[in-house]
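I opened this notebook to keep track of what I looked up in one structure. The entries follow the order in which I checked things.

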Amino acid sequence: MWKTIVRRFLIMIPQLFVLSLIIFIMAQFMPGDPFTGAITPETDPARIEELREKNGLNDPWYQQYGRWVGNAFQGEFGMSYTFKRDAGSLIGERAVNTFWLSLASVIILYVLAIPLGVLAGRYHNSLLDRAIILYSFVSYAIPTFILALLFLFFFGYTLGWFPTSGSVDIKYDPGTFGYIMNKIYHILLPATTYAILGTTTVIQYLRSEIIDAKGQDYVRTARSKGIPMRKVYSRHIFRNSLLPIAAFIGFTITGLLGGSIFIETIFGYPGMGQLFISSILSRDYSVITALVMLYGFLALLGSLLSDIIMSIVDPRIRIE
Amino acid sequence: MSIELTENKEIAVSSPPTGWQVIWREFKKDKVALFSLVGLVVVILGVFIWAWFIDQEALMKISLRDKYAAPGTEQYSGLGSYFLGADQGGRDIFGQLIVGARNSIAIAIAITLITGIFGIVVGLVCGYFGGWIDNMFMRIIDFFITIPSLMLIIVFVTIVPKYDVPAFIMIMSIFLWTGTARLVRSKALSESRRDYVNASKTLGTNDFIIIFKEIMPNLSSILIVEMTLNFAGNVGIETGLSYLGFGLPPSTPSLGTLVSYANNPLVLYEYWWCWLPAAVFILLMMLGINYVGQALRRAADAKQRLG
């Protein structure tokens with residue numbers, strides 16, 4: 001077991017290395033350097049040259065790369081020139097918001113998808129099953145930004161049930177109960193949007209698992225012992241079918257990261273995805289490189305997590 | 001009832017159904033898919049032909065008196081009425097929708113073809129030869145699958161010095177060929193262990209001919225399904241990026257740029273006719289393509305067929 005995890009971890013290292021190299025090269029093509037923001041047009045050119053020399057920007061590229069990676073490990077990504085502050089702490093602040101949004105999305109996703117998947121599998125070929133299949137088909141086909149906009153238009157503006165932007169209203173003080181409730185209120189609509197988009201895989205997987213399990217010997221054994229079908233479903237089939245679903249959590253995280261760019265931009269939610277788009281628009285390169293690196297790292301971590309859960313759940317796929 | 005009987009008889013006496021017959025039977029069984037297919041063909045052809053007749057300069061001409069004209073109102077110049085209203089510059093939404101749809105579809109087709117050809121060739125070669133070529137490409141593909149490609153596409157779009165439509169297609173293609181390659185590789189891997197391939201190898205047939213003339217035709221149904229679903233995905237990604245402002249250059253209208261009018265909360269709520277038609281168009285097109293793709297997928301897999 002540990003062998004698998006360690007080995008899987010080792011595979012991650014070259015991937016991270018290549019990703020960091022690509023981002024480093026990309027950063028070289030971007031205008032600006034680490035102390036944009038620290039200098040103004042009035043700064044003496046000799047002073048800039050001195051700064052460049054002192055910060056090692058005239059060194060060969062591999063030395064610069066080494067230093068960049070070293071700094072990145074310590075969470076130092078340079079200054080954000082639009083926000084005039086350290087990119088690392090800026091991202092950290094936004095990351096907290098994205099984390100809460102992602103957590104809410106995952107919870108809503110599973111709360112929606114598990115009952116639907118179980119019902120579709122249990123009443124296979126019924127009208128209910130067909131309706132659920134149709135739902136999962138539509139949620140699979142619809143692009144993220146279209147659903148988000150339609151929801152914002154319908155629930156946010158037309159019905160006015162939900163706030164249309166931000167993560168919390170200014171009138172609440174941090175730490176109070178009202179503040180937390182208001183935060184949850186803001187998160188609800190974007191999280192539901194994401195959750196609906198993510199339900200397809202879970203529903204379809206769970207449904208086919210349950211349909212498969214119905215014909216298995218252990219189900220027939222349980223039935224012949226006289227256990228009522230209701231209990232067979234809740235105690236035997238459900239448990240067996242649910243385990244592989246756990247492994248999807250890792251992939252869900254990866255998918256969330258990509259979707260966060262659209263969802264956060266449309267709902268005006270101040271998370272990392274929105275920060276990425278606003279940094280791109282204001283050409284804030286130190287923030288961009290830091291964010292791409294962080295997203296890449298998290299995506300790798302997500303697939304690692306999935307593999308680990310999968311190998312715990314299903315011993316057959318452990319790498320030997 | 002009697003019609004069905006005669007049909008069955010005909011099938012019984014004829015040779016096994018060809019690929020096209022299987023697909024046709026699948027569509028006949030699934031009315032929604034048939035409707036989607038007909039609808040898509042009509043809409044795509046219609047959009048291309050119609051866009052041909054639209055004068056783009058006249059379309060993009062600003063007429064401030066018609067600002068945010070509601071659907072159905074008369075044009076100020078008296079040349080007709082706005083079927084779907086007008087945008088902030090008084091430009092006809094319906095005309096923009098047609099031109100935007102044409103551009104979005106054409107670009108999605110281009111990306112689908114480029115990534116499809118590259119992915120199929122890489123997949124076939126990896127699956128057939130195995131060994132170090134396979135290993136190398138699989139590592140590359142694994143890497144592409146784990147990186148945040150959407151963000152990298154956006155960064156590339158902003159740092160490419162001479163950014164135009166071909167550049168956009170190339171950037172998208174670089175990141176989107178891996179899924180096809182992976183699928184084709186796994187199919188080619190099992191296909192190249194078959195007896196007919198071994199027999200052909202023993203006869204001394206050229207590897208190139210085995211791959212493209214013998215293995216590829218046997219995978220054609222899977223390839224068609226994959227390309228159809230990729231097309232849907234590419235329409236989604238292109239319009240999404242254009243929506244964010246990192247897709248087509250501003251001079252080339254796309255469905256995504258039309259939807260991006262909704263970035264202004266006032267337009268989103270008050271002047272919904274600016275963005276809603278394009279959003280609904282994208283939604284219906286995605287549903288249609290996916291329905292057709294599902295029907296093709298069932299036709300490709302004998303176990304799932306309805307017909």
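**Entry 1: between the chains.** I then noted which elements give two or more residues to the side of chain A that touches chain B: α1 (2–29), α5 (127–141), α6 (144–158), α10 (248–266), α11 (272–281) and α12 (285–313) of chain A. Helices (H or I, at least four residues) and strands (E, at least two) are DSSP runs, numbered from the N terminus.

I looked for salt bridges between chain A and chain B as well, and that count is 0. A salt bridge is a side-chain nitrogen of Lys or Arg within 4 Å of a carboxyl oxygen of Asp or Glu.

**Entry 2: ground rules.** The model is predicted: local features need pLDDT of at least 70, side-chain atom pairs count only at pLDDT 80 or more, and totals for chains, interfaces and linings use all residues. Residues are numbered from 1 along each chain as its sequence is written, chains are lettered from A and ligands numbered from 1 in the order in which they are written, and side-chain values use heavy atoms, with hydrogens and water left out.

**Entry 3: extent of the interface.** The size of an interface is often given as the accessible area lost when the parts come together. I found that chain A and chain B bury about 3,400 Å² between them, with 87% of it on carbon and sulfur atoms. Buried area is the accessible area (1.4 Å probe) that two parts lose on being put together, summed over both. In residues, 40 of chain A are in contact (heavy atoms within 4.5 Å) with 36 of chain B.

**Entry 4: Q15(A).** I picked one residue in helix α1 of chain A, Q15(A). Is Q15(A) buried or exposed? Q15(A) counts as buried because its relative accessibility is 11%, and buried means under 20% relative accessible area, exposed over 50%, partly exposed in between (1.4 Å probe, protein chains only). Beyond its neighbours within four places in sequence, Q15(A) is in contact with L300(A), D142(B), F143(B) and T146(B).

**Entry 5: a surface patch.** On the surface I found a nonpolar patch made of V96(A), F99(A), W100(A), L103(A), I107(A) and V111(A), with about 580 Å² of accessible area together. Patches are made of residues with over 30% relative accessible area and no salt bridge: like charges are joined within 9 Å, nonpolar side chains (Val, Leu, Ile, Met, Phe, Trp, Tyr) within 5 Å. I107(A) lies in helix α4 (residues 87–122) of chain A and is partly exposed, at 49% relative accessible area.

**Entry 6: a loop glycine.** G268(A) sits in the loop between α10 and α11 of chain A. G268(A) and G166(A) are 102 residues apart in sequence, but 5.4 Å apart in space, C-alpha to C-alpha. Not counting residues up to four places away in sequence, G268(A) touches S165(A), G166(A) and Q274(A).

**Entry 7: each chain.** Chain A has 12 helices and 2 strands, and 42% of its 320 residues count as buried. Chain B has 14 helices and 0 strands, and 48% of its 307 residues count as buried.

How values were computed
Accessible areas come from the Shrake-Rupley method with a 1.4 Å probe; for residues, only the protein chains shown count as cover.
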